[in-house]
Amino acid sequence: MSQPATSRPRRATARAGRLTDDSGRRVPAWELVLRYLLLLAVLALTVGPFVWQLSTSLKGTQDDIYSSPPSFLPGHPTLHNYERVADIIPVWDYVLNSLKVAVANVLTNCVGSALAGYALARLRYRGRSAAALWFILAMLVPAESIIIAQFTTMRSLGLNNTLIGVVLPACIGSMNVLLMRNAFLNLPHEVEEAAYVDGANVWQRFRQISLPSVKGTLAVVAIFAFMGAWDDFLWPLIVLNDASKYTLTVGLNYLHGTFANDQRLVAAGTVIAVVPLIVLFACLQRYFFRGVGEGAVKG
């Protein structure tokens, strides 16, 4: 059944020489201008810092980064700062370590969250509601309050100073499990019941029917897991003590310490750290926005 026109997002369109939204209401010119001004303000607040860092990373020694008023565009663009970052620290080794951790985190979260979410949403067993409540309560616990317990656990397992020890505590996130649970809850039961009548077992219903229907939410989980592992600084700093195993966020800390006066190097290292996240989101953005609706909380 189609939704009423009032529930659809209102977009301004030109009809018969005047601006109207989807419900046919006329949009005053001042309101349209205000909307675009707000959008530009949000764009400046979100994208502006990254663009400024990118500009700083491209500025050569001839450019004064502390000039007043500040110069946004580099007068002498150069990639020499990126070369200097690679000369000072083994940045590409750190990138590889971060990539290993992030990919492992994505795989474990996608597989584990999908299985746990399906069990919470579709299977019938005693204590299912209590199990879902425990995942919700786990989200309320600050990570800093359990980090000592995690460290002692990794030490007792002999996983200190290993990339496995970095991955293990965050291999399945509570929020990701709840996202998958809500996505599976929103699927119609009729399709799965028809497969059950045809003789499909639980694994076949999960793998062939339910899982392909929540690809958007899987993309959301993948992006969240990758970002969480890629940006994490505190836990790798605690569990790793061998410089050759440092992740990128920990390795870039050397630029902030020893070379804090040269902001061009810091900006270049920041751009190197952000580019993989941009590429990942660009590749999965169409699935991401579809998955936001699939994993929405069911009212």
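Visitor: What is the relative accessible area of Glu 31?
Guide: The model is predicted, so local features need pLDDT of at least 70 and side-chain atom pairs count only at pLDDT 80 or more, while totals for chains, interfaces and linings use all residues. Residues are numbered from 1 along each chain as its sequence is written, and side-chain values use heavy atoms, with hydrogens and water left out. Buried stands for under 20% relative accessible area, exposed for over 50%, and partly exposed for what lies in between (1.4 Å probe, protein chains only). Glu 31 counts as buried, because its relative accessible area is 17%.

Visitor: Which residue meets Glu 31 in a salt bridge?
Guide: A salt bridge needs a side-chain nitrogen of Lys or Arg within 4 Å of a carboxyl oxygen of Asp or Glu. The structure holds 1 salt bridge, and its N to O distance is 2.8 Å. Both ends lie in helix α1, 4 residues apart, about one turn of the helix. The partner of Glu 31 is Arg 35.

Visitor: Which residues does Ser 55 contact, leaving aside neighbours within four places in sequence?
Guide: Ser 55 lies in helix α1 (residues 29–57) and is buried, with a relative accessible area of 6%. Its C-alpha atom is 9.4 Å from that of Ala 268, 213 residues apart along the chain. With contact taken as heavy atoms within 4.5 Å, Ser 55 touches Phe 72, Leu 73 and Pro 74.

Visitor: Within what arc do the buried residues of helix α9 fall?
Guide: In α9 (residues 202–210) the buried residues are Arg 205, Phe 206 and Ser 210. They line one face of the helix, because seen down the axis of α9 they fall within a limited arc. Their cover includes α3 (91–122), α7 (174–185) and α8 (189–197).

Visitor: Which residue's backbone nitrogen lies 3.0 Å from a polar side-chain atom of Asn 161?
Guide: Asn 161 sits in the loop between α5 (147–156) and α6 (163–167), and counts as buried at 16% relative accessibility. Not counting residues up to four places away in sequence, Asn 161 touches Val 239, Leu 240, Asn 241, Asp 242 and Lys 245. The backbone nitrogen at 3.0 Å is that of Asp 242.

Visitor: What percentage of the 299 residues in the protein chain is buried?
Guide: The accessible surface of the protein chain comes to about 17800 Å², of which 66% belongs to carbon and sulfur atoms. Of the 299 residues, the buried ones make up 34%.

How values were computed:
Helices (H or I, at least four residues) and strands (E, at least two) are DSSP runs, numbered from the N terminus. The arc is that of the directions from the helix axis to the C-beta atoms. A polar contact is a pair of N or O atoms within 3.5 Å; within protein, one must be able to donate a hydrogen and the other to accept it, and residues adjacent in sequence count only if both atoms are side-chain atoms. Accessible areas come from the Shrake-Rupley method with a 1.4 Å probe; for residues, only the protein chains shown count as cover.
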